[in-house]
Amino acid sequence: MRTQVAIIGAGPAGLTLSHLLARHGIDSVVLEHRDRDYVERRVRAGVLEQGTADLLRASGVGARMDREGLVHHGIELRFSHQRHRIPLSDLTGGRTVMIYGQQEVVKDLIQTRLAAGGQILFGAEALALDGLTSAAPVVRYQQNGERRELRCDVVAGCDGFHGVSRAAIPAGVLTVYDHEYPFAWLGILAAVPPSTGELIYAHSERGFALHSLRSPEISRLYLQCRPDEELANWPDARIWDELRRRFATDDGWTLADGPILEKGITPMRGFVAEPMRYGRLLLAGDAAHIVPPTGAKGLNLAVGDARVLAEALIAWYRSGSADLLDAYSATCLRRVWRAQHFAWWMTTMLHIQERESDIERRLRLAQLDYVASSTAAATTLAENYVGLTSI
Ligand code: RFL
Ligand code: PHB
């Protein structure tokens, strides 16, 4: 089989890329290791930056998001039992975020691609990439127990952190920056109306907690835990009890509980591999970088990479100019490092560390107090959270 762009991975990066390319008549085949049901059910991110929502809308996949997604104009920071609203829209000239589950974005993109005759091969695992420094790369993959080849002009490695694409780059080419944060998030999806209209990022002496949501009936909550924590130690009652303690305020705010539909533990990591290109292989999304989820940036970076890569490939096919492709890695990395810093800043401001000193604890509270009371500091948070337009 032959295509113009071989895309490995049907996550947000790969699907967005395939969709944007198709709108400009560029042919791609998406290879996805998992089955369709699995990728459409995988619960992950929920916050779309204004620019991500705009891109989906402008490219014709935003209709259901606009019907079912929830537009938010602010978030709450909670610490020392007090609540502080960060008015995102007021601080950013009216920009907003959209609450819409990543798996809903994935569903919309898959449906649009298949309806347009696009090829997404589910259950197709890429095994090896060859000829990446030639003009005719080959992706070797396996589907239904059979080994096959996909020939192409370029390979887009959109296969997430554990995929084969980054691993196909010879040793010594990439510079890797990697940091494992000394904590994880225990996340739940619960069938209970959210106890809040806006997301709550809470810091308490027991650790971080986040109240997010998916719909008027479904809440999504997270709490900081140890990276080696086992779910078996967290029966539902303990989770709700711990969340209640971390969200406690002086004004008697209450957290409603309900049946837990899903729970999972996510380790937290900061990771960047540079450059995001090797010959005819271009990495996009989690294949090239991971951010801790506290900044709500991972999905947005994946979609951002896909946008930049689509523009570069469209220019290359149209005019033969490789200028944008040559600039691809540097263009993306500037935004990636901004997000990496923001995610680190939010994470260190909101989480507690084991064995931290009194001065570290007080410095964090001073930082939180500054963000809650200074327009300049709150604007820094707000413009990064909704997504910077200049980068
Ligand atoms: P994905 O979504 O991991 O998709 C990669 C796809 O590649 C497939 N694959 C292969 N296919 C074929 N052959 C192979 N050899 C393959 N190896 C892998 C996989 O099956 C998969 O389908 O990567 P992508 O597209 O780069 O998207 C990245 C995002 O998924 C990720 O950054 C976000 O989910 C991160 N994230 C958040 N991001 C946000 O912007 N806002 C948030 O609010 C947010 N919250 C989160 C998050 C991630 C979380 N977890 C679970 C890691 C909350 C959590 C809890
Ligand atoms: C989510 O709704 O899953 C979510 C929201 C905000 C974050 C991370 C995850 O920072």
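Ser-80 sits in the loop that connects β5 (75-79) with β6 (82-86), and in this predicted model the phi angle of Ser-80 is near 50 degrees, a positive value in a residue that is not glycine. Most residues other than glycine have a negative phi, and most peptide bonds are trans. With a relative accessible area of 40%, Ser-80 is partly exposed.

A positive phi is also found at Ala-296, where the angle is about 55 degrees although the residue is not a glycine. Ala-296 belongs to the loop between β20 (289-290) and α8 (298-319). Is Ala-296 buried or exposed? Ala-296 counts as buried because its relative accessibility is 16%, and buried means under 20%.

Pro-275 is placed in the loop between β17 (260-274) and β18 (277-278).

Backbone atoms take part in the polar contacts of ligand 1: a polar backbone atom of His-33 is 3.1 Å from a nitrogen atom of the ligand, a backbone N or O atom of Ala-126 lies 2.9 Å from a nitrogen atom of ligand 1, and a backbone N or O atom of Gly-298 lies 3.1 Å from an oxygen atom of ligand 1. On its own, ligand 1 has 1,000 Å² of accessible area, of which the protein covers 89%.

**The surroundings of ligand 2**

The shell around ligand 2 is made of 14 residues, and the closest are Tyr-201, Ser-212, Arg-214, Tyr-222 and Pro-293. By class, this shell comprises eight nonpolar, three polar and three charged residues. Both β15 (207-213) and β16 (219-225) supply at least two residues each to the shell around ligand 2.

| Residue | Side-chain atom | Atom of ligand 2 | Distance |
|---|---|---|---|
| Tyr-201 | polar atom | oxygen | 2.7 Å |
| Ser-212 | N or O atom | oxygen | 2.6 Å |
| Arg-214 | N or O atom | oxygen | 2.8 Å |

Taken alone, ligand 2 exposes 280 Å², and the protein buries 97% of that area. Because domain 1 (5-72 + 97-177 + 269-346) and domain 2 (181-268 + 352-386) both give residues to the shell around ligand 2, this ligand lies between them.

Methods
Residues are numbered from 1 along each chain as its sequence is written. Chains are lettered from A and ligands numbered from 1 in the order in which they are written. This is a predicted model: local features need pLDDT of at least 70, side-chain atom pairs count only at pLDDT 80 or more; totals for chains, interfaces and linings use all residues. Side-chain values use heavy atoms; hydrogens and water are left out. Helices (H or I, at least four residues) and strands (E, at least two) are DSSP runs, numbered from the N terminus. Buried means under 20% relative accessible area, exposed over 50%, partly exposed in between (1.4 Å probe, protein chains only). A residue is near a molecule or strand if one of its heavy atoms lies within 4 Å of it. A polar contact is a pair of N or O atoms within 3.5 Å; within protein, one must be able to donate a hydrogen and the other to accept it, and residues adjacent in sequence count only if both atoms are side-chain atoms. Accessible areas come from the Shrake-Rupley method with a 1.4 Å probe; for residues, only the protein chains shown count as cover. Ala, Val, Leu, Ile, Met, Phe, Trp, Tyr, Cys and Pro count as nonpolar, Asp, Glu, Lys and Arg as charged, and the others, Gly among them, as polar. Domain bounds come from an automatic or database domain assignment.
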